[in-house]
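Subject: Structure handover

Hello,

Here is the structure for your files. My notes on what was found in it come after it.

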Amino acid sequence: MSKHAKSLARLRQNPNSVRFEEIDKILLDLGYDKRQRGSHAIYTRQGSPPITIPFRKLFILPVYVKQVIRIIDQFNTAGDSDLDV
């Protein structure tokens, strides 16, 4: 099992205790560009919608974790080899 697969499995198991650094590393490894505005990070990648994630608290809200998982799953079903996690 690759590092990306392990990270995604950990996100799926417990989306309530995901730190910003974990999501940040996953998205940057997948080719997203990061732009930071105040307390929000905006991730963009050509051919995908932007992802905005606030990081004010210790853990990210589960709704943002699920959004990242959904976007990764959409790319995997589309056959994008860069996002094999």
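The largest nonpolar core of this predicted model has 20 residues, and those that touch the most other members are Leu11, Ile23, Leu27, Tyr32, Tyr43, Ile51 and Ile53. A nonpolar core here is a set of buried Ala, Val, Leu, Ile, Met, Phe, Trp, Tyr and Cys residues joined through side-chain atoms within 4.5 Å. Two or more residues each come from α1 (3–13), α2, β2, β3 and α3 (62–78), with α3 giving the largest share, 6 residues. Leu27 is in contact (heavy atoms within 4.5 Å) with Tyr32, Tyr43, Ile51, Ile53 and Val68, leaving aside its neighbours within four places in sequence. Buried residues (under 20% relative accessible area; exposed is over 50%, partly exposed in between, with a 1.4 Å probe and protein chains only) make up 34% of the 85 residues.

A note on conventions. Residues are numbered from 1 along each chain as its sequence is written. As the model is predicted, local features need pLDDT of at least 70 and side-chain atom pairs count only at pLDDT 80 or more, while totals for chains, interfaces and linings use all residues; side-chain values use heavy atoms, with hydrogens and water left out.

On the fold: the protein has 3 helices and 3 strands, in the pattern α-α-β-β-β-α along the sequence. Helices (H or I, at least four residues) and strands (E, at least two) are DSSP runs, numbered from the N terminus. The 3 strands form an open antiparallel sheet in the order β1-β2-β3, where two strands pair if DSSP finds at least two bridges between them. At its edges are β1 (33–37) and β3 (48–54), each pairing on one side only. Neighbouring strands are turned by 20 degrees against each other on average, direction ignored. For such angles, axes are lines fitted to C-alpha atoms, for helices over the stretch in contact, and values run from 0 to 180 degrees between N-to-C directions. β1 pairs with β2 (residues 40–45) over 5 bridges in the antiparallel sense, and Lys34 stands opposite Tyr43 in β2. Helix α2 (residues 20–29) lies across β1, β2 and β3, at about 20 degrees to β2.

What holds charged side chains together? Side chains of opposite charge can pair when their charged atoms come close. The structure holds 4 salt bridges, each being a side-chain nitrogen of Lys or Arg within 4 Å of a carboxyl oxygen of Asp or Glu.

- Glu22 and Arg10 meet at 3.2 Å, N to O. Glu22 is in helix α2 and Arg10 in helix α1, 12 residues apart. Glu22 is partly exposed at 23% relative accessible area, and Arg10 is partly exposed at 46%.
- Lys34 and Asp24 have their closest N and O atoms 3.4 Å apart. Lys34 lies in strand β1 and Asp24 in helix α2, so the pair ties together parts that are 10 residues apart in sequence. Lys34 is partly exposed at 35%, whereas Asp24 is buried at 15%.
- Asp29 and Lys25 meet at 2.9 Å, N to O. Both lie in helix α2, 4 residues apart, about one turn of the helix. Asp29 is partly exposed at 41%, and Lys25 is partly exposed at 49%.

Regards
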